[in-house]
Amino acid sequence: MTIKDKFGEKAKMYRVRPSPDPSRKEDTTWMTQEQIEHETMQESQHWLETTVGMLGKVFVEVLGCDDLPDLDFGAKNKTDAFVAVIHEDSLFYTDVIDDCLSPRWLPWTKRAFVFNMRHTSSNVYVGVFDNDLTSDHDMIGRVSGL
């Protein structure tokens, strides 16, 4: 979809995935790349939190990925990305962003996590995957750190 921006120039519009903001559906169903990037940097609306650990908290927000490989086959089928975050015995997943090689998780999506620490030396593990409905998910990449 293409529209004219405020300067009269053509601007390509993208369907927001996985869904528009429930409180602003009309404004967030279709957005320009610039609008998506701006929204991505806004404060997360929902934080998921673990229930164990009293030593401290680790806050993780997944904002986006760039230039993921296309692991799905077909002309109109691209990588369906999601991120898994593990700390100690807790695991959280972002929402799946279908058919996108540079996904952005917007503030109203599942992207923000709080891990309550039990040990000072526990790593945080982050993995990026291609969601597959008929087989195991394909790992795209991973990283870990203290």
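This briefing covers the fold, the surface and one surface patch of the protein. The model is predicted. The protein has 146 residues, of which 37% count as buried. Its secondary structure comprises 2 helices and 10 strands.

**Fold**
- Along the sequence, the elements run β-β-α-β-α-β-β-β-β-β-β-β.
- Two strands open this pattern, and a single strand sits between the two helices.
- A box of roughly 55 × 35 × 20 Å, taken along the principal axes, holds the C-alpha atoms.

**Contacts**
- Take the contacts in the protein with a separation of 6 or more: 57% of them join residues 24 or more positions apart.

**Surface and charge**
- The protein has an accessible surface of about 9,400 Å².
- Carbon and sulfur atoms account for 52% of that surface.
- The protein carries 16 positive and 25 negative charges.

**A nonpolar patch**
- Four residues, Ile86, Leu91, Tyr93 and Tyr125, make up a nonpolar patch on the surface.
- Together they have about 360 Å² of accessible area.
- Ile86 belongs to strand 6, which spans residues 81–87.
- Ile86 counts as partly exposed because its relative accessibility is 35%, and the partly exposed class lies between the buried limit of 20% and the exposed limit of 50%.

Technical notes
Residues are numbered from 1 along each chain as its sequence is written. This is a predicted model: local features need pLDDT of at least 70, side-chain atom pairs count only at pLDDT 80 or more; totals for chains, interfaces and linings use all residues. Side-chain values use heavy atoms; hydrogens and water are left out. Helices (H or I, at least four residues) and strands (E, at least two) are DSSP runs, numbered from the N terminus. Buried means under 20% relative accessible area, exposed over 50%, partly exposed in between (1.4 Å probe, protein chains only). Contact means heavy atoms within 4.5 Å. Accessible areas come from the Shrake-Rupley method with a 1.4 Å probe; for residues, only the protein chains shown count as cover. Lys and Arg count as positive and Asp and Glu as negative; His and the chain ends are not counted. The place of a charge is taken as NZ of Lys, CZ of Arg, CG of Asp or CD of Glu. Patches are made of residues with over 30% relative accessible area and no salt bridge: like charges are joined within 9 Å, nonpolar side chains (Val, Leu, Ile, Met, Phe, Trp, Tyr) within 5 Å. A salt bridge is a side-chain nitrogen of Lys or Arg within 4 Å of a carboxyl oxygen of Asp or Glu.
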